[in-house]
Amino acid sequence: MATVSALTACSQSDEGPKENVPTVTPATAAQSPASQEATAGTVTPTVPAKSVVVAHAPGSQVAVLSNDGKSMQIFSSPGGPSALPPKVVQVPGLVDLVASGEGFVGVSPTGVVRVNTAGVVTEQQANLAGASAVAVDTKNRVLVGTDRGHVLVLDEAGKQLKDIGGFVRVDNITVAPASAGELAGQVVVLDRAQSAVAPVDIDTGELKAALRAGDGATESTVDDYGRVLVSGTRNNQVLAFYGQPIMMRLRAPVAESPYALAFDNQRKLLWVSTTANNEVTAYDLSTGEAIEKHRFASVPQVTSIDVDPASGNLLLVSGRDGALQVVTPDNVK
């Protein structure tokens, strides 16, 4: 049985990051070797990218955000026979990007940026110094994580509503979808410096009890059941957390430096990139264990994965070699 340790989290605060708390050096993905194997699916050259995001709009609109955050490429049905060259959009140094409505929402130190699938950019200026992560909750509020350990809550007009402190840093923010039932809307922060996850009540500013996620957690996502899925990159694990209060429900070995994650709601599978061997593996978590279902060769140094709900295709980007890989899961082993 896995040992789970609870951490003490502070309530709303305007102070800097927590002090005198146990921390770890934030983990990073292993450097990928040169690719020695033919990759699955189709590969389209792009700029080296930090994230790939599929819009909720119909038509398989996919955004690729460059490593420097200064440009986005918006693809329509990438990898398909009718795919067109992407629209290239200049943006003001985005640190993170998510799908929202029928377009995308990103965050930079100077404000919130909205980009529609036609490539039209609208910036809501705000002082978001140290911005590190972004999410949109079920009330359409924009949640901005910072490297000083805060979650800033902004309304749809970009006005700041709350400043919730108490972390060392905020690296990922997940919001449970409507399909999660009583967990719908649950917001959970991943703090790499504590290698911990912590639910946050956005309405009250209250931080719930945090839980350790190994000692080298890097990325997180949430599935349609409300499970928060975490890559334990340093310890070669994937972990799952669930409930109110949140509890660890799974800790499974995944070798070769697991990093980027995506949950496939159609197939009920967790996809995990492993950068040390340039592979992506799908796991069925329904039994409470991670059971491998698919595995394929990926482009090197996968930094981000997303699933297109329209086509069912898996999309991956390389942060080193500049490539967008599109894979139809039913065509791989």
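**Around valine 307**

Modeller: Leaving aside residues up to four places away in sequence, valine 307 touches Val54, Ala262, Phe263, Asp264, Trp271, Gly312, Asn313 and Leu314, where touching, or contact, means heavy atoms within 4.5 Å. This is a predicted model, in which local features need a pLDDT of at least 70 and side-chain atom pairs count only at pLDDT 80 or more, while totals for chains, interfaces and linings use all residues. Residues are numbered from 1 along each chain as its sequence is written, and side-chain values use heavy atoms, with hydrogens and water left out.

Valine 307 belongs to strand β28, residues 302-307; strands (E, at least two residues) and helices (H or I, at least four) are DSSP runs numbered from the N terminus. With a relative accessibility of 11%, valine 307 counts as buried. Buried means under 20% relative accessible area, exposed means over 50%, and partly exposed lies in between, with a 1.4 Å probe and protein chains only. Valine 327 is 20 residues away from valine 307 in sequence, and their C-alpha atoms are 9.7 Å apart.

Serine 51 sits in strand β3, residues 49-54, and is buried at 8% relative accessible area. Beyond four places in sequence, the residues that serine 51 touches are Ala63, Val64, Leu65, Leu97, Thr303, Ser304 and Val317. Serine 51 and alanine 63 are separated by 12 residues in sequence and by 8.1 Å between C-alpha atoms.

Some loops deserve a look as well. Asparagine 140, in the loop between β11 (131-136) and β12 (142-146), has a positive phi of about 65° although it is not a glycine. Asparagine 140 is partly exposed, at 39% relative accessible area. Asparagine 278 lies in the loop between β25 (269-274) and β26 (279-284) and has a positive phi of about 55°, again without being a glycine. Asparagine 278 counts as buried, with 7% relative accessibility. In the loop between β22 (237-242) and β23 (247-253) lies proline 245, which a cis peptide bond joins to glutamine 244, with omega about 5°.

Now the whole chain. It has 30 strands and 0 helices. Its radius of gyration is 18 Å, close to the 20 Å that the globule rule gives for 333 residues, so the chain is as compact as a globular protein of that length; the radius is taken over C-alpha atoms, and the rule is 2.2 Å times the number of residues to the power 0.38. The C-alpha trace spans about 50 × 50 × 35 Å along its principal axes. Of the 333 residues, 55% are buried. Among contacts with a separation of 6 or more, 48% are between residues 24 or more positions apart.

How far can the model be read? The average pLDDT of the chain is 92, and 93% of the residues score at least 70; pLDDT is the predictor's confidence in each residue, from 0 to 100. Over residues 1-14 pLDDT stays under 50, and there the model has 37 contacts beyond four places in sequence. Where pLDDT is low, the predicted coordinates should not be read in detail.
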